[in-house]
Amino acid sequence: MSNDQGLNARYFGEKKVGYELPRDEQDGSFTSDAVAESLRMVMEKEEGRVYRDKAKELKPLFGDRKRQNVYVDKFLEYITTHKGCRSA
């Protein structure tokens, strides 16, 4: 599952739902300075406003505990109902 993290970061970065940390091109590592500067940019600087605005826009969707509980309940119901089903 962790192999898709780079793809997820890039996808959400393109949608301005998340910010992709600058990484080393060779091994994908990042520094604590890169994390700190990225957080500063997103939380304080004008260029990070797009991320803050997107977070406010999505808050009703992801911040609604009742809605999230319904999603979890439906998912659990589905996997319980279909636990014997396997595709070839």
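A polar contact here is a pair of N or O atoms within 3.5 Å; within protein, one must be able to donate a hydrogen and the other to accept it, and residues adjacent in sequence count only if both atoms are side-chain atoms. The model is predicted: local features need pLDDT of at least 70 and side-chain atom pairs pLDDT 80 or more, while totals for chains, interfaces and linings use all residues. Residues are numbered from 1 along each chain as its sequence is written, and side-chain values use heavy atoms, with hydrogens and water left out.

**Helix α4**

Select D64 and K66. A side-chain oxygen of D64 lies 3.1 Å from the backbone nitrogen of K66, and D64 caps the N-terminal end of α4. Helices are DSSP runs (H or I, at least four residues), numbered from the N terminus.

Next pick R65, which is in helix α4. R65 is exposed, at 67% relative accessibility (exposed is over 50% relative accessible area, buried under 20%, partly exposed in between, with a 1.4 Å probe and protein chains only). From the C-alpha atom of R65 to that of L39 is 26 Å, and the two residues are 26 apart along the chain.

**Aromatic pairs**

Rings of Phe, Tyr and Trp (its six-membered ring) pair if their centres lie within 6.5 Å; planes under 30 degrees apart are stacked, over 60 edge-to-face, the rest tilted. There are two such pairs. Show Y11 and F12: the ring centres are 5.3 Å apart and the planes at 75°, so this pair is edge-to-face. Y11 is partly exposed at 44%, and F12 is partly exposed at 38%.

Then show Y19 and Y51, an edge-to-face pair with 5.6 Å centre to centre and 85° between the planes. This pair links distant parts of the chain, 32 residues apart: Y19 is in the loop between α1 (5-14) and α2 (32-43), and Y51 is in helix α3 (residues 49-62). Y51 is buried at 12%, whereas Y19 is partly exposed at 35%.

**Largest pocket**

By class, the lining has three nonpolar, three polar and five charged residues.

Conventions. Helix = DSSP H or I, 4+ residues; strand = E, 2+ residues; numbered from the N terminus. Nonpolar A, V, L, I, M, F, W, Y, C, P; charged D, E, K, R; others polar.
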